[in-house]
Amino acid sequence: KGDPLIGSSSSVVPVAPNDDEDILSLNDAEDTISFLSSKTSSNTSVKFVYLNRAKTQLRFRPYDLKVVMRGEQEPEHFVISATGVVHMAPGAPSEVMQLSEWMRESTLFN
């Protein structure tokens, strides 16, 4: 297979470091925010992390998110960086929120 614009996947040469290990160490939004706001983040090229809504049987918990690797995100997903959160939903404009505001709303909701 591979991307038709860049050829087969075997011909792709990575130009950025492999950050899978850093991302795999994160579980949820809280881990992601702690990681991106820590001094450790200056030692990695991870600048944002993809998250899906956590699957829960209990009640609606919109701020419970689970970290996923690039390419594993659902059509509706979130992207968290050190400064903000982007909510992506099919057929709707992307919502952008400052990280501090998202954290405040998350705390108030829970």
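Arginine 61 has a relative accessibility of 22%, so it counts as partly exposed. The terms used here are set by relative accessible area: buried is under 20%, exposed is over 50%, and partly exposed is in between (1.4 Å probe, protein chains only). The model is a predicted one, in which local features need pLDDT of at least 70 and side-chain atom pairs count only at pLDDT 80 or more, while totals for chains, interfaces and linings use all residues. Residues are numbered from 1 along each chain as its sequence is written, and side-chain values use heavy atoms, with hydrogens and water left out.

The protein chain contains 3 helices and 5 strands; these are DSSP runs numbered from the N terminus, helices being H or I of at least four residues and strands E of at least two. Along the sequence they follow the pattern α-α-β-β-β-β-β-α. The chain has 110 residues, of which 29% count as buried. Its accessible surface comes to about 7900 Å², and carbon and sulfur atoms hold 55% of that; the areas come from the Shrake-Rupley method with a 1.4 Å probe, and for residues only the protein chains shown count as cover.

The 5 strands form an open sheet with antiparallel pairing, in the order β2-β1-β3-β4-β5. Two strands pair if DSSP finds at least two bridges between them. At the edges lie β2 (65-68) and β5 (95-98), each pairing on one side only. From one strand to the next, the twist averages 30°. Strand β4 (residues 84-88) runs antiparallel to β5 and is joined to it by 4 bridges. Within this pair, glycine 84 stands opposite glutamine 98 in β5.

Helix α2 (residues 29-37) packs on the sheet, where it touches β1 (48-53), β2 and β3, and its direction makes about 25° with that of β3. Helix α3 also packs on the sheet, touching β2, β3, β4 and β5, and its direction makes about 90° with that of β5. For these angles, axes are lines fitted to C-alpha atoms, for helices over the stretch in contact, and values run from 0 to 180 degrees between N-to-C directions. A contact means heavy atoms within 4.5 Å.

Histidine 77 belongs to strand β3 (residues 77-81). Its relative accessibility is 9%, so histidine 77 counts as buried. Leaving aside residues up to four places away in sequence, histidine 77 touches Tyr50, Leu51, Asn52, Val86, His87 and Met88. The side chain of histidine 77 also reaches the backbone oxygen of proline 75 at 3.5 Å.

Side chains of opposite charge can pair when their charged atoms come close. The structure holds 3 salt bridges, a salt bridge being a side-chain nitrogen of Lys or Arg within 4 Å of a carboxyl oxygen of Asp or Glu. One of them links arginine 53 and glutamate 76, whose closest N and O atoms are 3.1 Å apart. Arginine 53 is in strand β1 and glutamate 76 is in the loop between β2 and β3, so the pair ties together parts 23 residues apart in sequence. Arginine 61 and aspartate 64 meet through their side chains in another salt bridge, at 2.6 Å from N to O.

The remaining pair is glutamate 101 with arginine 104, with closest N and O atoms 3.1 Å apart. Both lie in helix α3, 3 residues apart, which is about one turn of the helix. Threonine 107 is also in α3, which spans residues 99-109, and its relative accessible area of 61% makes it exposed.

Notes
Polar contact = N/O pair within 3.5 Å; in protein donor to acceptor, adjacent residues only side chain to side chain.
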